[in-house]
Amino acid sequence: MISVLVNGADGRMGSEVVKAVIADPELRLVGGVSLSHVGEDIGTVIGIPYTGLCIVDDLKKALQLYQPQVVVDFTTPAAIYKNAEICLQQGVNMVVGTTGLTAAQREQLGKLATAKEVSIFIAPNFSIGAVLMMRFAKEAAPYLPDVEIIELHHNNKLDAPSGTSIMTANYIAEARQAAKVEAAVDRTQESLAGARGATVAGIPVHSVRLPGYVAHQQVLFGGYGELLTIRHDSLDRKSFMPGVILAIKKVHTKIGLTFGLEHYL
């Protein structure tokens, strides 16, 4: 049985992780960390039966107290790098769902994990459908190189563009480069700065933030007389849980950094 500590246990994603871990017979929840609801029972806070586990506010002390085999982190972009350093320095495997880490930061964490002979898994998206969406977009790119991405999330998401849209854009750019194809010239002149969105790896990315959305993405391809739209919608945060549980069970299988859920599928 794998012992799991959830960092951000009372958050939108963290609370779903807590429920999913408790429901899985191969996993054991040993604790939760948060800066809020400190001292309260995790179950009471997230609306499930009493667990006997109180939320604590110090990650390092929680690692020493509970000695988990895996830490799952769904916190904030500002906190994730330091959180990961703490866990890896303590020799604990990590599953990271918090977005906001740069490529350079991921590389540094991968080196630290290798040095400590532990594992860190990072995924921009834990939805299996989202992974397939990115794969299909990569396959389409050599044939329809003209593409833009629209990602839509709830208004409490702290970063933009989303990690999924960045990863999708990078996959598309790699596929276009491998196929030696280029997008048509965009002759649009912005009358207002930012009207065409951000640019990631040469691909326009547009971020929508509105109440009511959870996590959604459209990849729009344009060709001569035809359009292709690849869309994925997560309508409930439960859609991410099979991927999170899979990552918890697989993270120990490779020392160092693993980036992207597709490596476990």
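Because the model is predicted, local features were considered at pLDDT of at least 70 and side-chain atom pairs at pLDDT 80 or more, whereas totals for chains, interfaces and linings use all residues. Residues are numbered from 1 along each chain as its sequence is written, and side-chain values rest on heavy atoms, with hydrogens and water left out.

The chain is divided into domain 1 (2-122 + 238-263) and domain 2 (128-234), with bounds that come from an automatic or database domain assignment. The C-alpha centres of domain 1 and domain 2 are 29 Å apart. Across the interface, 11 residues of domain 1 are in contact with 12 residues of domain 2, contact being defined as heavy atoms within 4.5 Å. The area buried between domain 1 and domain 2 is about 900 Å², and carbon and sulfur atoms give 66% of it; buried area is the accessible area (1.4 Å probe) that two parts lose on being put together, summed over both. Of the area that domain 1 buries against domain 2, 44% is supplied by Arg 12, Thr 99 and Glu 262, more than by any other three residues. Zero salt bridges were counted between domain 1 and domain 2, a salt bridge being a side-chain nitrogen of Lys or Arg within 4 Å of a carboxyl oxygen of Asp or Glu.

Grid points are joined across faces, edges and corners, and a volume is the space filled by probe spheres set on the points.

The largest pocket has a volume of about 990 Å³, and it lies between domain 1 and domain 2, since both give residues to its lining. Its lining comprises 41 residues, of which Met 13, Phe 74, Thr 75, Thr 76 and Thr 98 lie nearest the centre of the pocket. Helices H1 (12-23), H3 (59-66), H4 (77-89) and H7 (163-179) each give two or more residues to this lining, and H4 provides the largest share, four residues; helices (H or I, at least four residues) and strands (E, at least two) are DSSP runs, numbered from the N terminus. By class, the lining of the largest pocket has 15 nonpolar, 19 polar and seven charged residues, where Ala, Val, Leu, Ile, Met, Phe, Trp, Tyr, Cys and Pro count as nonpolar, Asp, Glu, Lys and Arg as charged, and the others, Gly among them, as polar.

The second largest pocket holds about 380 Å³ of space. Its lining has 22 residues, those closest to the centre being Arg 106, Pro 124, Gly 163, Ile 166 and Phe 259. H7 gives the largest share of this lining, six residues. Both domains contribute to the lining of the second largest pocket, so this pocket also lies between them.

Note on methods: On a 1 Å grid over the protein atoms alone, a cavity is a set of points where a 1.4 Å probe fits but cannot get out, and a pocket is an open set with protein on both sides within 12 Å along at least five of seven lines; lining residues have an atom within 4 Å of a point.
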